[in-house]
Each structure stands twice: as structure tokens, then as C-alpha cells.
Amino acid sequence: MTILSKESHIDLYNQEIEALSLIEEKLEPQHLEKINVEELKHLLHVEISPILTEIRHPVVAEYIFGMAIAHPHAYVRHVLVNVVKEWLPYHSAVESIIKLTQDPDDIVSFKAMDIVAEEKIEQALQFVPRMIGKISERIHFPNKPVGLGAAKVLKTSIELFGTDDPEELRTIEMYFNQNEKLVDRLDVEVELPSELIEEFQRNQEEGMVLIPGGFFTFGLNADEVPDKTFGWTDACPARKVWLPPFFIDKYPVTNEKYDEFVEDVKKNGHRFCHPNEPEEKDHTRNTYWDSRFKLHHPATGIDFYDAYAYARWAGKELPTEYQWEKAARGTDGRIWPWGNEFKKDACNWSYQWSGKEPENLGEWRKEILRINEEYPQTLTRDTKQYDKEDYVSPYGVVGMVGNTWEWTRSDFSTGRAFLPSLANNENQRNKFATLKGGSFISAPGLMFPSFKTKDIPFCRHNEMGIRCVKNIPIHLLRKALGKPITNTAIY
């Protein structure tokens, strides 16, 4: 999908959803019952598949993913798996392929497992191996089940782990169980066609800033952490990370703009919302009734699903934690957006409304617990007042610390894409999304850009906001590369 303006992305959605509705009619079970095998194959392979593979809007593609998972006809699901593959490693395509490995028909599940292995979708490791147990033990000591399905699971898992040596497998399995991921590969440079990058950069949107592709320093070394009051160790160590170019909003999304989105949902439905959001969700921000949160202030009182849906409505995405931090810090390893020393007037934090710089944790907690529906009179502030040369990031991005926490689309535990439909309460995978930047309540130890916190996707606080990015669509990156993306900072 080419990066398009908001109007164009909605026009594209309307055009493609209309075409998809005609295809869905042809795939009605009652219609399929009336045709023979050859007619079915012609319908799927000759008439329908070429249309589906040309779909460009991610939301329309997700309708196809849903058909691939839920259509009652096994052969239809079998064919639609190929469409899902074309969108990898887009996050909802990853979720869908993993779910398809659990399909009851092996013509579907086996194909999905092959794709999982080919594309190195490591998130599948929390689902595929459990069908037969520990892979390291099944190499030489198979247990029940012992048929073709078990052999397929074993083969897929071995290809994901990268070895069939039982000792090595035991070590890797232990690492995966402890860290909820395989080894990070954050510094893999992806050689993209120059024409793809040039086309992307020509589509700069007003109000967004280009962050060039390349390496930057993510995180800090322990001796660089400016404040160790709060849990800071996951901000360490400093690592070299490579990212493709992207655009990011110069300012956070305002309440006024967010409220436009809410009105559109009321009028046109939840067409751009996360497939996993709660049913009958009300996207109205919980600060809507508090007059202290002005229309030109950054939007707050929204959860992950609100932020995700707004970003897609705007034709954008949520940033990854890596994108967010690069936009905030640049490439020279600085601690704060403006340099290596904290500036108390460069952002909106607890000092700005309390008039006190907290001397210790107890004093800070005591002060913020005084906040109620009437005190203080000012909480969030217009971000544009911090649009000063000495306060902005190296790229000119404004207000990246203080004022509001900003939702990202990164899983807190792994740094990979946050996939709430695959949430696992036992090991915490995909249960918490990452937030960055601190808020009007924060002390400095919560605001340095390498610090991160977490929350469940349906939790709302008046400190949580949003800033969006535009990317080269990840499935187009994959297509241009011609092989699986191995840089784990990208997906």
C-alpha cells in the first residue's frame, strides 16, 4: 500500500471493500455446494485469487484474513492462506498465520506451518511446539501423537529454533521460555531499493517529520541513566539498532483531532479499529468531560485500542518503541531530546503544576496523590509552547517527554509487535503494550526517552496519549527484500 493521504486511504478502503463484498457472495457456502471440484478450483485460483492479491488496504486485507480463519470450507481456507502470506510480517497477518497453524484440517494447518518456518515467525513458538511437547525431547523420544501432524510440528519447530541438536535445542528452549523471544537481531541493515525509499519520502504529509533510515543508539548504559528512582534496568544496555526511514507526527494528536475520529466511528462504525478490541467499545476519551483538557491540548484518556484505531483512521500507525526513541534522541546517543542534562522548563512534568521539584520518591507520591477533579487547574498543556530550538529533538519533533505518555505498538516483554489476540497470562507475552515519554504527573526518572512503562490494552488513564507514524508498509519491505525480514526491531 502506497503511503496515501487520509482521504485517499478512505477512498481506497471503500473501493476495495465493495469489491470484497462481491467476492464474499461467490464464496457463500450455499453457492459452493452447487459447483463441482474443477469449478471450485477455477473460481478460487483464476477468478478470485488474482483480485485478492491486489488488495492494498490493510483493513480490507484483515477481512480476508478473517475468511481464511473462519470460512467453513476447508479448501477455501487452504487457498486464502496464500493471501495472508503476501502480507507478512504485517502484525495481523502474523496473528492470522499462527492461528491457521491450529486449523483442524491439515491442508490448511500444514501450509501455515510451512509458511511459519519459511518466514521465521518466532511468535509461533508459543503455540506450535505445545502440540507435541518439548522439541528437544521429541527428537529421539517421540510421544503421542506420533503421526504426520506430529512430524510436521517437529520439523516446523526445528526450523524456527535453527537446530536439530537436542543439547542446543534445550538451551534455546530455555532462553525462549525465560525471555519470551529468540535472540534480538536489532542491528541488521536491510538494503532497500532506492526507488522505494524515494517514493516513500515524496509522500511527506503536513505536520509530520522525516526520520531518515539508518543506525542509532537505543537505550543507555547503566552509568548513563540520569535517574534510578524507578525501575530502569530495561533501559539498558545501549544497543545499536537499524531502522528504515519513517515519518512521525511533529506534535502529539490533539483532543480536537481525536474527537473528530470518535465522531467518525459513531457515524461510520468501527471500520478501522483493532480486530481484537472489546465489543461495543466506546472510543470517547475519558477526559472529554474535564474542562482542564482543552481541545488544543494533546489527547489523553485513551487506551491502546483507541490509539490504534485513531492511527488507522488517520491512515497512519502507532510507532514501535524503537521508532519513538530514535525520533526523540537522534543518532548521537544523547540522554534527553535536547542533550544530556535535564531542563526543568523544557517539558510539562509534576513540577510545572505543583511548583516543587520532588526531593525523594515519598514527596513525589504525596504531591501527585493530591490531584483530584478540581486540583490543579492545569494538567496537560499545549505542546506547541515547547516548540523551541533548545527543547525539541534533533529532528525537530516536539514534546516527546512529559505532558502525556505515548502508546507504541511494541510488546513490553519482547519488543516485537504487540499482538493482544495472542495474549498469554501465564508468561505475560502480548499482555502489555509499551508506553514512552512520561506525563504531566511524572518525575524525571520516568521521562528520559530510554525509559519505558507498560499497560494492558484496555486500560485508560488521563496521562496516556498518542503520536503517529507513517511507514513503508512492512509487507512491501518484505516483498522488496525478497526474503524474510530478520531485523527484529522492524517487526
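Where is the place of P376? P376 sits in the loop between α16 (361-368) and β5 (405-411). The model described here is a predicted one.

## Cis peptide bonds

Two prolines are taken up here. The bond joining Y375 to P376 is cis, and its omega is near -10°. The peptide bond from C236 to P237 is cis as well, with omega near -5°. P237 belongs to the loop between β2 (214-218) and β3 (239-243).

Most residues other than glycine have a negative phi, and most peptide bonds are trans. Against that background, two residues deserve a look.

E280 is not a glycine, yet its phi is positive, at about 60°. E280 is in the loop between α12 (255-268) and α13. Is E280 buried or exposed? E280 has a relative accessible area of 78%, and since the cut-off for exposed is over 50%, E280 is exposed.

N403 is not a glycine either, and has a positive phi of about 70°. The loop between α16 and β5 holds N403, and P376 is also placed in the loop between α16 and β5. With a relative accessible area of 5%, N403 is buried, because buried means under 20%.

## Packing of α3 on α5

Two packed helices are described by the angle between their axes and the distance between the axes. For helix α3 (residues 37-52) and helix α5 (residues 74-86), the angle is about 25° and the axes are 11 Å apart. Angles under 35 degrees count as roughly parallel, so α3 is roughly parallel to α5. The crossing of α3 past α5 is right-handed.

On the α3 side, the contact is made by L40, K41, L44, H45, S49 and L52, and on the α5 side by Y75, V76, V79, L80 and V83. Sorted by class, the contact of α3 with α5 has eight nonpolar residues, two polar and one charged.

## S49 in helix α3

S49 is a residue of helix α3 and is among those of α3 that make the contact with α5. S49 has 15% relative accessibility and therefore counts as buried, the cut-off being under 20%.

Which residues is S49 in contact with, leaving aside its neighbours within four places in sequence? They are L44 and V79. S49 and V83 are 34 residues apart in sequence, while their C-alpha atoms are 7.7 Å apart in space.

## Packing of α4 on α5

Helix α5 also packs with helix α4 (residues 58-70): their axes come within 8 Å and cross at roughly 145°. The crossing of α4 and α5 is left-handed.

From α4, the contact takes in I64, F65, M67, A68 and I69, and from α5 R77, L80, V81, V83 and V84. Nine of the residues in the contact of α4 with α5 are nonpolar, none is polar and one is charged.

In soluble globular proteins, nonpolar side chains tend to be buried together. The largest nonpolar core in this model has 128 residues, of which L27, I97, Y310, W407 and F448 touch the most other members. Which helix gives the most to this core? Helix α13 (residues 304-313) does, with eight residues.

Another core lies apart from the largest one and has 17 residues, including V209, I211, F216 and A489.

Note on methods:
Residues are numbered from 1 along each chain as its sequence is written. This is a predicted model: local features need pLDDT of at least 70, side-chain atom pairs count only at pLDDT 80 or more; totals for chains, interfaces and linings use all residues. Side-chain values use heavy atoms; hydrogens and water are left out. Axes are lines fitted to C-alpha atoms, for helices over the stretch in contact, and angles run from 0 to 180 degrees between N-to-C directions. Helices (H or I, at least four residues) and strands (E, at least two) are DSSP runs, numbered from the N terminus. Angles under 35 degrees count as roughly parallel, over 145 as roughly antiparallel, 65 to 115 as roughly perpendicular and the rest as oblique. A crossing is left-handed if the near helix is turned anticlockwise from the far one by less than a right angle, and right-handed if clockwise. Contact means heavy atoms within 4.5 Å. Ala, Val, Leu, Ile, Met, Phe, Trp, Tyr, Cys and Pro count as nonpolar, Asp, Glu, Lys and Arg as charged, and the others, Gly among them, as polar. A nonpolar core is a set of buried Ala, Val, Leu, Ile, Met, Phe, Trp, Tyr and Cys residues joined through side-chain atoms within 4.5 Å. Buried means under 20% relative accessible area, exposed over 50%, partly exposed in between (1.4 Å probe, protein chains only).
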